[in-house]
Structure formats: C-alpha cells, structure tokens
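Q: I would like to learn how to read aromatic contacts and ring burial in a model; could we work through a case together?

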Amino acid sequence: MTLYPKANTWAGGTGTGDEIPGIIPSIALSPRAPKKERVKAGPQRLRGIVKRFDTEKSFGFIGVKGGRDVFFHISAAGDSDTANFFPGERVVFERGEDKRGRVCATYVRLAE
C-alpha cells in the first residue's frame, strides 16, 4: 500500500528526469562554475621588529604590528653588511611566498 500513489517522483534509472512532467532538467547538464584562480599579490614593503633570530640555524621571526610574525632566513638579507640580526632591531622587508606558498620575508634590511 502506497500513501501517495499519484506522487510525481522519480524512482531513479538512467533517465535525466526530463520525461517526468514538472521536473527540471538534470543538474549534470547545467554548466559548471569556473574555478577561482588564486590571485598573487606583488611584494608588500613592510616594517617590523626582529623578535627572535637563531644564529646557528640562520633564521628568525619578524613581529609585525597588527599581524602574525613573519619567518625569514638569513639569505633574505642578501649582501647585507650585517650577518646577524638581534631581537629588537627595526627592519624593513617585503612579504613574499616560499616554494610551498607559505608567507615569509624575502628582502630584509635594517631600517634607517
């Protein structure tokens, strides 16, 4: 015994549902939304203060006002006269991405 014998429902199968009156065409036939492309912003020039620097491992972190700490490697200092950074020093840097897409400082210089 069926409660609703005249219900307009689709029982499945290979059809798209177009043959049943009142049913809209299959979703599979509708156009797909285009994938969102990740927009890469150019380098951003920022100021910060060195929070921590490990001389043995040659990396450290820069504190940014109103943001998260930014990782940097000594290689980001380039041909700087200073081989070491000390906590509390003011620096200017560009925010970029490493090979894995993580945020890091790419051009670190002591602020004047």
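Q: Is Phe 59 buried, partly exposed or exposed?
A: Phe 59 is partly exposed, at a relative accessible area of 23%, where buried means under 20%, exposed means over 50% and partly exposed lies in between, with a 1.4 Å probe and protein chains only. Phe 71 is likewise partly exposed, its relative accessible area being 33%. The model is predicted, so local features need pLDDT of at least 70 and side-chain atom pairs count only at pLDDT 80 or more, while totals for chains, interfaces and linings use all residues. Residues are numbered from 1 along each chain as its sequence is written, and side-chain values use heavy atoms, leaving out hydrogens and water.

Q: How many aromatic pairs does the structure hold?
A: Rings of Phe, Tyr and Trp (its six-membered ring) pair if their centres lie within 6.5 Å, and planes under 30 degrees apart count as stacked, over 60 as edge-to-face and the rest as tilted. The structure holds 6 such pairs. One of them joins Phe 53 and Phe 85, which are edge-to-face, with 5.9 Å from centre to centre and 70° between the planes.

Q: Where do Phe 53 and Phe 85 lie?
A: Strands are DSSP runs (E, at least two residues), numbered from the N terminus. Phe 53 lies in strand β1 (residues 44-54) and Phe 85 in the loop between β3 (70-73) and β4 (90-97), so the pair ties together parts 32 residues apart in sequence. Both Phe 53 and Phe 85 are buried, and together with Phe 72 they form one aromatic cluster.

Methods. Helices (H or I, at least four residues) and strands (E, at least two) are DSSP runs, numbered from the N terminus.
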